[in-house]
Amino acid sequence: MEDIEAVDINFDNLDRDAAQFIPKRIAAAFGLLALAIDGNVLTVAMADPFGVVAHDTLYKRIGCQIKPVKANLDQIQVAIEEAYGEEINVDQSLLELVTVDEVSPQDEVAESDLKIEADDAPVIRLVNLILLQAIENGASDIHVEPSEHSVSVRLRVDGVMQDITAPPRSLFHAVVSRIKIFGAMDIAERRVPQDGRARVKFRDKQVDLRVNTLPTLHGESVVMRLLDKANLFGDVSQLGLDSFHEQVLLDAISRPHGMIYLTGPTGSGKTTTLYSSLQHLNSRERKIITVEEPVEYEVSGINQVHVRSDIGLSFANALRAILRQVPDIIMVGETRDTETAEIAVRAALTGHLVFSTLHTNDAPSSITRLVDLGIEPYLISSSLNLVIAQRLVRKVCEKCKGETHPSDLVLRRLEGVTNFEIPSTIYAGEGCNECGKTGYRGRVAIHEFLSMDTNMRELIMNEAKEAEIEEASIAMGCHTLMRSGLQKVESGLTTLEEVLKIALDE
């Protein structure tokens with residue numbers, strides 16, 4: 001890149017078609033604009049024509065040869081507004097990052113070299129560009145993973161991992177250090193896992209970040225979980241339940257005492273359902289305390305306790321202390337041991353409404369899990385109000401939604417699923433720019449309910465088999481996961497393939 005030509009951008013001859021070769025967010029982030037395309041050579045006006053990160057990003061994203069020319073940044077900014085047909089505020093940082101805790105001055109001085117490298121403008125722009133792309137794509141988490149000779153950056157969008165442009169291996173440590181700085185973490189410590197927090201403000205959106213580093217063979221693997229408060233439902237009416245199951249949930253959480261369990265794997269939306277229920281109950285007349293690991297969403301009016309196992313503040317110890325605070329409602333992030341389960345049951349039997357989660361495949365197996373933890377069946381029968389098993393399925397993209405027909409493979413897999421007829425109209429997404437060519441955009445929950453009545457309590461007390469409990473639940477009108485998913489198919493919200501993938505083998 002010797003003898004870089006300096007140019008003045010001529011707006012009368014601006015090639016808007018050439019400009020479209022570079023996404024506007026990349027143009028804005030790096031202060032550059034494509035001026036012309038000649039065969040496989042793209043002429044690009046750049047404020048910093050020697051920027052390694054910009055060149056690497058363009059090469060990976062565009063895939064053609066780049067001919068850089070030097071141009072004034074102010075001219076480029078104005079030209080970007082003109083070329084993309086809308087006003088673009090070219091902010092060098094793109095995102096305002098606000099740390100929850102400040103990095104100590106001692107760390108900054110002791111690790112000055114790392115911090116200087118991490119604070120270089122290209123590194124800051126690159127990290128902010130990754131965050132920007134994650135927010136715009138609606139990603140739930142960002143994964144920065146090193147290998148011997150390269151780095152990969154992946155976003156989890158609607159539960160599916162997808163690759164995006166990654167920095168060169170030479171910038172990996174600077175990128176990780178930059179993430180650690182705004183996460184208030186120790187940039188010098190690379191041998192042990194670390195956790196941090198930060199806050200991203202973009203336009204009118206505020207997103208909390210939970211940052212975790214893990215030492216691996218080729219460097220630290222970094223995961224940033226994005227927690228968008230706008231996605232936290234404010235009420236149970238927005239959980240996607242039909243009228244029958246919504247009323248079952250409202251009846252269960254309206255009782256003055258008892259236990260309500262959410263079950264499902266990590267990432268199945270249990271936290272959203274729990275917080276929606278708590279928000280429904282949240283008022284000045286009730287005292288609500290939660291104990292979580294970690295506290296994911298900060299909610300006004302609710303007292304939230306963060307578990308600290310390293311100092312002896314376990315779920316069980318925190319729960320004992322919580323009961324001395326005389327709460328009306330308690331939420332325990334997870335029931336993972338006998339001690340926690342016993343305290344939760346006692347709380348439910350002594351006038352408290354208790355919410356918690358279990359890791360089981362379906363609702364009936366939660367009874368077996370509680371028995372395995374040492375809870376007597378008669379105590380489960382007396383204290384339990386409701387169990388909800390939950391999964392998330394991808395929603396059909398509304399922009400490219402169209403009618404389709406189930407494949408022979410899908411029909412064969414549906415054999416044996418009773419009480420279901422293929423709807424006359426089934427929808428699927430064809431794939432568009434809005435959904436990243438996947439045909440899906442967003443997710444919706446499917447549920448299995450296990451509600452209590454006299455018969456169900458007797459079955460649990462008599463240690464009935466899971467199959468008997470499931471049959472009794474269906475007889476009460478509650479859906480299985482499969483039936484709930486198929487109902488979403490009938491409503492045009494998701495596809496048969498998604499439901500079969502998530503629920504058929506549960």
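The model is predicted, so to speak of local features takes pLDDT of at least 70 and side-chain atom pairs count only at pLDDT 80 or more, while totals for chains, interfaces and linings use all residues. Residues are numbered from 1 along each chain as its sequence is written, and side-chain values use heavy atoms, with hydrogens and water left out.

Start with helix 11 (residues 315-323) and helix 12 (residues 338-349), whose axes come within 8 Å and cross at roughly 20 degrees. Helices here are DSSP runs of H or I with at least four residues, numbered from the N terminus, and axes are lines fitted to C-alpha atoms over the stretch in contact, with angles from 0 to 180 degrees between N-to-C directions. Helix 11 and helix 12 are therefore roughly parallel (angles under 35 degrees count as that; oblique is what is left once over 145, roughly antiparallel, and 65 to 115, roughly perpendicular, are also set aside). On the helix 11 side, the contact (heavy atoms within 4.5 Å) includes Phe-315 and Leu-319, and on the helix 12 side it includes Ile-343 and Ala-347.

Now move along to helix 13 (residues 364-372) and helix 17 (residues 466-475), which pack at about 135 degrees with axes 8 Å apart. That angle is why the two, helix 13 and helix 17, are oblique to each other. Among the residues touching are Ile-367 of helix 13 and Ile-469 of helix 17.

Last, look at the rings. The charged end of Arg-394 sits over the ring of Tyr-440, 4.0 Å from its centre (NZ of Lys or CZ of Arg within 6 Å of the ring centre and within 35 degrees of the ring normal). Lys-401 has its charged end over the ring of Tyr-427, 4.9 Å from the centre.
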